[in-house]
Structures are given as C-alpha cells and as structure tokens.
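Colleague: Before we look together, could you take me through how the terms are applied here, one step at a time?

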Amino acid sequence: MAEPRFSVCVYCGSRPGENPLFAEAAQAVGGWIGAQGGQLVYGGGRSGLMGTVAQATAQAGGRVVGVIPQSLVDKEHANRACDELHIVQTMHERKALMAERSDAFLALPGGIGTFEELFEVWTWSQLGYHDKPIGLLDVADYYQPLLAFLAGSVQAGFMGSWQMDLVRIGTEPESLLEQLVQSGLRSAPQDGALRARI
C-alpha cells in the first residue's frame, strides 16, 4: 500500500446511535478518507460508529490505524483488521498517540468519550500545543444543544469567540474533510511541537 497522503483522527461513538444518519455519516467519512488515499486514525474498536468508519475507510482503499487501551480491547471489540493496531495501557497514551499520528481531527456523534477527546484536543489548540485543524460534523443537529451551551459560555464571559473559531463546524462530510485536510497538510511540518508538549 502506498504511503497515505494525509492522516485524519476521527473521534466517534462506540455505539451506532438511534438515528441511521449517524452511521451514514461515518460511512461517508471513511469512504472519503479511503478514496482520497488517506489514513484513518481512530480508537481501534469495531463496534458502533467506530467500526463503521474503519470499515468504510478500508473498503475505499485507505489505511487504518487503531489505538485502544488494553482495558477496552474486549468492551469495544478491538479491530484486528487494522493496518496498525496499537494496544496501550492508558487513555492518556491512546489520545497522545492518536494526536501524534494525525494531520487533523474530526469529531462525529458520540458520547462522553467523544466529547472528552474533542475538548482535550481543542484545549491543546487554544494553549498553542498544536496548530492542527479541528472539525465537528454536526449530523442531524446532534451537536446543536452543545453549541448553544458553548455560545452561552461565550456570552457569560468564560470563553472568547476566538476559541469557538478554533473548531470548524459543518454538516457535509466531504466539504468539511477537504477543509481540514488542506489546512492540516499546511501545518504538518510542525507536528513535532504537539509530540513534545502534550
């Protein structure tokens, strides 16, 4: 397999969710990454949206890198079909390795694990620990309540609008991914800064 053109870290649920549009979006994300000759970096599971995005990437000819803690190997059904499957000891190791191996980050619908991963990489960005682009795919208005809450945080003076601007929000997988990848490749030479400072 040829060297991937880019690498996107995707955060998403280990469950499929109730709305079939969630799985369709995961399928579209993985399909786009694979069709564009890219690499998916994700949480290493084969259940829920995680499994969907990984399978779609592989089927479209992309490379798949999974990173999963030993404690979740059974719970999230580790995807042994990954091109690389890294089994680590802690969540800190998982998130650091996923970040290091990526040019950009994209959050799909998910639960508290997805939220935590998104907010951590967002926090790293605001602190200047990395300059890799971050995207939020708002499928079927899933993230609208969260975005409204965050807007309230800005109004209350706990966040600045510049912090909100650090995350690109979109509803169309292909156009959002295109933006993230183009921006991520421009910032790729500074990958070492993230590795050194997290």
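Modeller: Val67 stands opposite His86 in strand 4, within a stretch where strand 3 (residues 63-69) and strand 4 pair in the parallel sense over 5 bridges. This is a predicted model, in which local features need pLDDT of at least 70 and side-chain atom pairs count only at pLDDT 80 or more, while totals for chains, interfaces and linings use all residues. Residues are numbered from 1 along each chain as its sequence is written, and side-chain values use heavy atoms, leaving out hydrogens and water.

Colleague: What makes strand 3 and strand 4 a pair?

Modeller: Two strands pair if DSSP finds at least two bridges between them; strand 3 and strand 4 have 5 bridges, so they pair. Strands themselves are DSSP runs of E with at least two residues, and helices are runs of H or I with at least four, numbered from the N terminus.

Colleague: In what order do the 7 strands form the open sheet?

Modeller: The order is 4-3-2-1-5-6-7, with parallel pairing, and strand 4 (84-88) and strand 7 (167-170) are the edge strands, each pairing on one side only.

Colleague: Which strands does helix 3 touch?

Modeller: Helix 3 (residues 91-100) packs on the sheet and touches strand 1, strand 2, strand 3, strand 4 and strand 5, where contact means heavy atoms within 4.5 Å.

Colleague: Why is Arg94 called buried?

Modeller: Arg94, placed in helix 3, has a relative accessible area of 3%, and buried means under 20% (exposed is over 50%, partly exposed in between, with a 1.4 Å probe and protein chains only), so Arg94 counts as buried. Among the residues that Arg94 touches are Val67, Glu76 and Glu117.

Definitions and conventions. Axes are lines fitted to C-alpha atoms, for helices over the stretch in contact, and angles run from 0 to 180 degrees between N-to-C directions. Lists of a residue's contacts leave out its neighbours within four places in sequence.
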